[in-house]
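Below is a brief structural report.

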Amino acid sequence: MVCCNTRFLPVLQLCIADMHLSFSNYVKSHLLSSEVLPSPDMFFVKVMTLLFFFFPLQQGQFTNPETPGYVGFANLPNQVHRKSVKKGFEFTLMVVGESGLGKSTLINSLFLTDLYPERVIPGAAEKIERTVQIEASTVEIEERGVKLRLTVVDTPGYGDAINSQDCFSTIISYIDDQFERYLHDESGLNRRHIVDNRVHCCFYFISPLGHGLKPLDVQFMKAIHNKVNVVPVIAKADTLTLRERERLKRRILDEIDEHGIKIYHLPDAESDEDEDFKEQTRILKASIPFAVVGSNQQIEAKGKKVRGRLYPWGVVEVENPEHNDFLKLRTMLITHMQDLQEVTQDLHYENFRSDRLKRGGRLSSHGYVLPLSPAKGPEPEEMDKDMILQEKEAEVGYFRLQYFLGFSKEIWNML
């Protein structure tokens with residue numbers, strides 16, 4: 001007698017049904033061709049016969065033996081999981097901050113990879129008239145069968161010039177361009193393979209040497225807080241004592257509230273979550289802004305290899321929560337990656353989309369973008385009427401074309 005867990009009987013029945021169909025077609029093909037099955041195939045036939053003897057195919061029985069009223073909706077999350085794993089995930093992370101704060105080192109430490117193998121650090125003379133550049137690096141990361149297409153957008157040259165008044169205009173233009181590209185692809189005819197390059201999160205690095213936020217920090221975060229999820233990060237936290245670190249965190253949070261800057265806030269844990277997850281969420285919220293240390297060097301400390309920084313007075317371990325918030329930052333990014341994408345889609349992108357369609361056009365029911373006249377022309381009510389008329393004309397033309405093609409095809413068949 002063969003016994004198995006009753007929870008897997010529906011899945012096992014489907015597998016056996018598929019194997020039964022394949023096996024039947026296989027045997028029929030050989031019988032119709034009057035060929036003799038070779039010895040390996042005969043062995044396969046015997047094995048399949050024994051399998052069907054112990055697991056007979058019961059046609060028409062799809063009920064669950066556990067619960068009489070079981071329908072099968074509980075398997076829907078498994079279907080979503082399989083499709084998501086097969087499709088893979090996409091995430092775009094932007095890092096912004098002054099040069100020398102360890103942005104590249106931290107990113108390499110977070111994802112255990114080298115995104116900048118051939119980077120050349122410019123000298124002081126080259127930084128005088130250097131403009132902000134956008135460097136996007138994409139890497140495919142796979143862990144336990146789950147694929148992640150990670151895009152890291154770096155901004156070298158930010159804050160290096162003497163006059164940094166308009167140094168972040170290039171960054172804002174890049175964020176808007178990615179929104180514009182996604183809107184264009186989403187409004188097209190083929191929307192099956194849309195590559196999402198929208199910036200889902202921005203790590204903004206704050207210098208530990210100041211007494212809070214600089215004017216440039218305030219201006220930049222106020223300029224992008226409605227376009228992207230901003231996560232403030234205190235760089236090179238090993239230059240601060242524990243008391244100085246806590247004082248600087250409180251000072252930064254007070255200035256963020258004072259200037260009305262909207263940073264990314266972690267969602268509250270649901271009531272049905274376990275206590276460990278609730279405690280983890282509480283600790284992560286209390287750790288903002290994250291004070292981190294990055295390093296890719298392996299150092300021996302207390303008889304084991306760790307990633308850290310060696311000083312005359314001791315070793316700063318990167319992945320030690322008592323030394324810095326590196327593990328907390330990585331935990332926040334990994335456990336809330338889906339929420340970062342949802343906030344980008346439901347809040348920032350929708351705001352851009354509504355504003356873009358109001359200023360530059362309106363989508364018809366067939367995906368056409370109908371241009372608008374400049375704002376200095378007719379009144380808003382007249383513009384709305386013109387938009388509706390243009391949309392209706394486009395739809396009438398579309399149906400006329402379809403009717404003409406169908407009518408021509410019928411005439412051709414009659415001839």
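## The sheet

Six strands form an open sheet in the order S2-S3-S1-S4-S5-S6, with mixed pairing. Strand S2 (135-143) and strand S6 (290-291) are the edge strands, and each pairs on one side only. Two strands count as paired if DSSP finds at least two bridges between them. Helices (H or I, at least four residues) and strands (E, at least two) are DSSP runs, numbered from the N terminus.

This is a predicted model: local features need pLDDT of at least 70, side-chain atom pairs count only at pLDDT 80 or more, and totals for chains, interfaces and linings use all residues. Residues are numbered from 1 along each chain as its sequence is written, and side-chain values use heavy atoms, with hydrogens and water left out.

S2 and strand S3 (residues 146-154) run antiparallel and pair over nine bridges. Valine 139 faces leucine 150 in S3. Glutamate 135 stands opposite aspartate 154 in S3. Two residues lie between the strands of this hairpin, and arginine 144 takes a positive phi near 55°.

## Helix H6

Which residues of helix H6 (residues 215-224) are buried? They are Leu216, Asp217, Val218, Phe220, Met221 and Ile224. Buried means under 20% relative accessible area; exposed is over 50%, and partly exposed lies in between (1.4 Å probe, protein chains only). An α-helix has 3.6 residues a turn, so residues three or four places apart point the same way.

The buried residues of H6 pack against strand S1 (89-96), helix H5 (169-186), strand S4 (201-206) and strand S5 (230-234). Contact here means heavy atoms within 4.5 Å.

## Histidine 336

Histidine 336 sits in the loop between helix H9 (326-335) and helix H10 (337-360). Is histidine 336 buried or exposed? Histidine 336 is buried, with a relative accessible area of 5%. Leaving aside neighbours within four places in sequence, histidine 336 contacts Tyr264, Leu266, Pro267, Leu284 and Thr331.

## The whole chain

The protein chain holds 11 helices and 11 strands. Of its 415 residues, 34% are buried. Take the contacts between residues at least 6 apart in sequence: 67% of them join residues at least 24 apart.

The accessible surface of the chain comes to about 26900 Å², and 56% of that belongs to carbon and sulfur atoms. Accessible areas come from the Shrake-Rupley method with a 1.4 Å probe; for residues, only the protein chains shown count as cover.
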